[in-house]
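The sequence and model are shown below.

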Amino acid sequence: MLVEDVETARAAVAGGATVVQLRRKGASTDELVEAARPFRELGATFVVNDDIDAALLVEADGVHLGRDDEGAERARKAGILLGLSASSVEEARDAERRGADYIGAGPVWVTPSKADADPPIGLGGLREICAAVDVPVVAIGGVEATNAADCIRAGAAGVAVIRAAREAAALRAAIDAAL
């Protein structure tokens, strides 16, 4: 679950989310560190989006970086989980070579949550990325309870949601049904 606040994170974990990613676009490292402190107590794997400094300062379990974000080598050296974004097979293979522990693939569908998102890759693109790499792939972009199972059937190990974070129980049920 990609969230901006701890209340949404708590609701997501209560609904069955196993990973929570703090995502605050445009926030400074100091702002992220301050916001991140209560996330350590959630009982879920905690990842910081886009900011390796904040992830290391709060001792997060991992960091997720976009294709143009710096910090992959620092994350590897620090021994924290490294997630990298990809919207094509080539980008996914590159992310795997760079040491990604998982790949965030998408957007699978159109998403209003990211104004500068790449064109949707669809389930076919997701399936191709999943088949091309050996690390887990997490589907992102337009994912909700009604289509999460399709992502799992396409080969994704999991799904990441922003708008549907408070619907974690429904997402979990859909994913469990697909397994």
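A nonpolar core is a set of buried Ala, Val, Leu, Ile, Met, Phe, Trp, Tyr and Cys residues joined through side-chain atoms within 4.5 Å; buried means under 20% relative accessible area with a 1.4 Å probe, counting protein chains only. The model is predicted, so local features need pLDDT of at least 70 and side-chain atom pairs count only at pLDDT 80 or more, while totals for chains, interfaces and linings use all residues. Residues are numbered from 1 along each chain as its sequence is written, and side-chain values use heavy atoms, with hydrogens and water left out.

The largest nonpolar core holds 57 residues, and F39 and L126 have the most contacts inside it. Leaving aside residues up to four places away in sequence, L126 touches A105, V108, I121, V137, A139, C151, A154 and A156, a contact being heavy atoms within 4.5 Å. A separate, second core has five residues, among them L2, Y102, V138 and A160.

Values for the chain as a whole are tabulated here.

| Property of the chain | Value |
|---|---|
| Buried share of the 179 residues | 50% |
| Share of contacts between residues at least 6 apart in sequence that join residues at least 24 apart | 45% |
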